[in-house]
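User: Hi! Could you walk me through a few spots in this one?
Analyst: Happy to, here it is.

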Amino acid sequence: MTTAAKLQDLQTHATNHHESQITLLLATFRSYPRFLLTSHSRPDGDAIGSVLALAEVLDQLGCQVDIILADPIPSTYRALPNLDRIHHTPSADDIDPLRTAPAILLECDGIARTGLLGLEGRTLINIDHHASGRPFASVNWIDEHACAVAAMVYRLAIAADVDITPSMATCLYAAILSDTGSFTYSSTTADTFALVHHLAARGANPSQIARDIYLSNPASKIRLLGIALSNLQTEGDLAWTWVTSEDMDRIGAVPEDCEGVVNYLISIAGVESAVFLREVADASQFRLSIRSKGKIDVAQIAETFGGGGHRSASGCTLDGPLEVATERILTQLRTGLC
């Protein structure tokens, strides 16, 4: 068999696998009257847009859906439709005390990633697109080649033959826009643009969504960016910076203001990998956002520290002090060790 034929065989096998998982998921959705739907703590655009869109899919399949997120919605995404459907509570038992509803987890590598209590012992359904994803649930669909988990939700909606409503299209478009780095990550393909083309045709407004996400920043975020850029360090093809909890308190910044800072570092000409370290208040820890232009698999590096993500965009948490945390991550990035 030629190399081209082997690649075609692998692609066919992968396609068949994903189609069988979609069929299994839809059969599971039709087997229960009610679901809990959640995603990871500190939700990003993909998590928020995807839970809102999947909730609409389940609505149209005749299911009752309760969306639960452990943490608040960042201001960047507060223009998304149907946010009032999301419950913010520390435990799933607050919503379903009898524990009869299965829980659907989007882009989580386990129940701990949700930040929620009350998921233990439930029937779990796992839908993920991270390279660090693992099959921890009763039903698992992991596609690390999907540009966003929203793209997987879209495939479910198409397979279920439900109506792609304007609100669903808006949520899915916002999720894909944010999780592809505005269509700059290597996961962006012709299929991605075909997908968002369909979403725009179904009611998503690309320019309005982009304004809501990128042109509605609080002043605290810009002040924090100034501090981070003033701390910028470079070494060869590496760039890094940090902010302390004291910095954040002084300017009234919140953790969500840190989103996107690392993208300024990786945008520097000649820089191949970058990391932004944010001190976690009262924890003597630093939350890391790591980026790569492709030469280094930062997902594998993040996994060595208990984190994960994608080849070009990942995160993890390291113990302080700052100098120790910085040297640990830079050692990995300097050598490309995984």
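Predicted model: local features only at pLDDT ≥ 70, side-chain atom pairs only at ≥ 80, totals over all residues.

User: Great. Where does Thr38 sit?
Analyst: Thr38 belongs to strand E1, which covers residues 34-38.

User: And is Thr38 buried or exposed?
Analyst: Thr38 is buried: its relative accessible area is 3%, and the cut-off for buried is under 20%.

User: What does Thr38 touch?
Analyst: Leaving out residues up to four places away in sequence, Thr38 touches Val51, Ile68, Leu69, Ile104, Leu105, Leu106, Thr114 and Leu116.

User: Ok, on to strand pairing. In which sense do E1 and E4 pair?
Analyst: E1 and E4 pair in the parallel sense, over 3 bridges. Leu37 stands opposite Ile104 in E4.

User: What about E4 and E5, how many bridges there?
Analyst: E4 and strand E5 (residues 124-128) have 4 bridges and also run in the parallel sense. Leu106 has Ile127 in E5 as its bridge partner.

User: Which residues lie on each side of E4?
Analyst: Strand E4 spans residues 103-106, with Ala103 and Leu105 on one side and Ile104 and Leu106 on the other. All four are buried, and both faces of the strand are covered.

User: Let's switch to the core. How many residues are in the largest nonpolar core?
Analyst: That core has 60 residues. Phe29, Leu54, Ile104, Ile127 and Leu199 are those with the most contacts inside it.

User: Nice. How many aromatic pairs does the structure hold?
Analyst: It holds 4 aromatic pairs. In one of them, the rings of Phe29 and Phe35 have centres 5.7 Å apart and planes at 80°, so they are edge-to-face.

User: How are the rings of Tyr32 and Phe35 arranged?
Analyst: Their centres are 5.8 Å apart and their planes are at 70°, so this pair is edge-to-face. Through ring pairs, Phe29, Tyr32 and Phe35 are linked into a cluster.

Note on methods:
Residues numbered from 1 in each chain as written. Heavy atoms only, no water. Helix = DSSP H or I, 4+ residues; strand = E, 2+ residues; numbered from the N terminus. Buried < 20%, exposed > 50% of the residue type's maximum accessible area, 1.4 Å probe, protein only. Contact = heavy atoms within 4.5 Å. Pairing = 2+ DSSP bridges. Core = buried A, V, L, I, M, F, W, Y, C linked by side-chain atoms within 4.5 Å. Phe/Tyr/Trp six-rings, centres within 6.5 Å; stacked < 30°, edge-to-face > 60°.
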